[in-house]
Amino acid sequence: MDKFESMSAFTQVIEEGSFAAAARKMQLSRSAVNKLVINLENHLGVQLLYRTTRQVTPTDNGRAFYERCIDILSSLEEAELAVSQQHSEPKGILKINAPMSFGISFLGSRIAEFMTRYTEIKIQLTLEDRFVDPISEGYDLVIRIGYPSESPSLVAHPIAVIPRIICAAPSYLKARGIPHNAYELKQHSCLHYSYLATGYQWQFTHQGQEERITVDAVFSSNNGEVLRDAAV
């Protein structure tokens, strides 16, 4: 039994003075409204209404219960309104964590656009490259480059595909030569991103097969921009 629907039917019958009028108000059949009230009476174990062929009037228990129903249904309506307003107008603090280089390159203007649209939201953005625990560290949104977490407590959505390429400064290639395959990287001085999930193994796909090469990292850093500047 839907208690709120039954209470609503009961109050409508009293306010409209008949089952037929209450049914029209609720856009239900007369029998459906009558069944809702009967179910409510059976649930409470008391008679709420006197029924005659001419009119419907509340019993003493019915009058007392009607007053309580009005308060309860009014509170329910206020609660629904408050929740729907919060849903239609998001507000509060949104804590975001993103990689340093990605955040500097892409997030500033987009967050400004977001805040123009959602004026009741305050943003707290932290830029760092380490992998964070969103739950224990209290982040609402974490952006990372890599494979999504398999944690059942998190929901992951891909937002872009970022290809990885091997590159070098022309001066380096002139001095050391151009590697012709992944294995030749072992003879080269490599700049390594230290937060790479595979460690010092660089992963390649060749003819549908995955290959991992352990590189000689002469310089490691947890920041992509530093590595880029060092390379060029």
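What covers the buried residues of α2? The cover includes α1, α3 (30-44), β1 (49-51) and β2 (56-58), where helices (H or I, at least four residues) and strands (E, at least two) are DSSP runs, numbered from the N terminus. This is a predicted model, in which local features need pLDDT of at least 70 and side-chain atom pairs count only at pLDDT 80 or more, while totals for chains, interfaces and linings use all residues. Residues are numbered from 1 along each chain as its sequence is written, and side-chain values use heavy atoms, with hydrogens and water left out.

In helix α2 (residues 19-26), the residues F19, A21, A22 and A23 are buried, a term that stands for under 20% relative accessible area, with exposed meaning over 50% and partly exposed in between (1.4 Å probe, protein chains only). At the start of α2, a side-chain oxygen of S18 comes to within 3.0 Å of the backbone nitrogen of A21, and just after this helix Q27 takes a positive phi of about 60°.

The whole structure holds 4 aromatic pairs, counted where the ring centres of Phe, Tyr or Trp (its six-membered ring) lie within 6.5 Å; planes under 30 degrees apart count as stacked, over 60 as edge-to-face and the rest as tilted.

Because F10 belongs to helix α1 (residues 3-16) and F65 to helix α4 (residues 60-88), their pair ties together parts that are 55 residues apart in sequence. F10 is buried, with a relative accessible area of 0%, whereas Y193 is partly exposed at 27% and Y195 is partly exposed at 29%.

Y193 is also among the residues in contact (heavy atoms within 4.5 Å) with S221, which, leaving aside neighbours within four places in sequence, touches H192, Y193, S194, V226 and L227. S221 lies in strand β9 (residues 217-221) and is buried, with a relative accessible area of 12%; a polar atom of its side chain lies 3.1 Å from the backbone nitrogen of N223.

Strand β3 (residues 92-98) runs parallel to strand β4 (residues 121-127), and 7 bridges join them, pairing being assigned if DSSP finds at least two bridges between two strands. G92 has I121 as its bridge partner in β4. From β3 the chain crosses through helix α5 (residues 100-117) to β4 in a right-handed β-α-β crossover, meaning that, with the strands pointing away from the viewer, the path from the first strand over the helix to the second runs clockwise.

Technical notes. Polar contact = N/O pair within 3.5 Å; in protein donor to acceptor, adjacent residues only side chain to side chain.
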